[in-house]
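Please consider the structure shown here, with attention to its core and its pockets.

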Amino acid sequence: MSQYTLGEDAARFGVVSFNHAATLRVSFSYNATEINAGIDEMTASGGTSISSGFIMTRQLFADHARVNATKIALL
């Protein structure tokens, strides 16, 4: 994340974690403290339902992404 310029008209990040189900940790934000806190909340446990993570990520893009913004999901 530190490689990107964060801002209302710049890069924004959302954080989704998954095990047996997906959890939205942070909706799209350009607040580095909030984004890092969402990442730090994650722990390894449960299953590995990657599809649940992608479904929630796709919904996050559909509901909250800027129309002309490049959309990237990091796994």
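The model is predicted, and local features need pLDDT of at least 70, side-chain atom pairs count only at pLDDT 80 or more, and totals for chains, interfaces and linings use all residues. Residues are numbered from 1 along each chain as its sequence is written, and side-chain values use heavy atoms, with hydrogens and water left out.

The largest nonpolar core consists of 5 residues, A11, F13, V15, V26 and I35. Such a core is a set of buried Ala, Val, Leu, Ile, Met, Phe, Trp, Tyr and Cys residues joined through side-chain atoms within 4.5 Å, where buried means under 20% relative accessible area (1.4 Å probe, protein chains only). Beyond its neighbours within four places in sequence, I35 is in contact (heavy atoms within 4.5 Å) with M1, L6, F13, V15, V26, S29 and Y30.

The largest pocket holds about 940 Å³ of space. Among the 31 residues lining this pocket, F13, G14, I72, A73 and L74 are the closest to its centre. A pocket is an open set of points on a 1 Å grid over the protein atoms alone where a 1.4 Å probe fits, with protein on both sides within 12 Å along at least five of seven lines; lining residues have an atom within 4 Å of a point. The α2 helix (50–64) gives the largest share of this lining, 7 residues. The lining comprises 22 nonpolar, 6 polar and 3 charged residues.

The second largest pocket has a volume of about 160 Å³, and its lining has 4 nonpolar, 7 polar and 1 charged residues.

Conventions
Buried means under 20% relative accessible area, exposed over 50%, partly exposed in between (1.4 Å probe, protein chains only). Grid points are joined across faces, edges and corners, and a volume is the space filled by probe spheres set on the points. Helices (H or I, at least four residues) and strands (E, at least two) are DSSP runs, numbered from the N terminus. Ala, Val, Leu, Ile, Met, Phe, Trp, Tyr, Cys and Pro count as nonpolar, Asp, Glu, Lys and Arg as charged, and the others, Gly among them, as polar.
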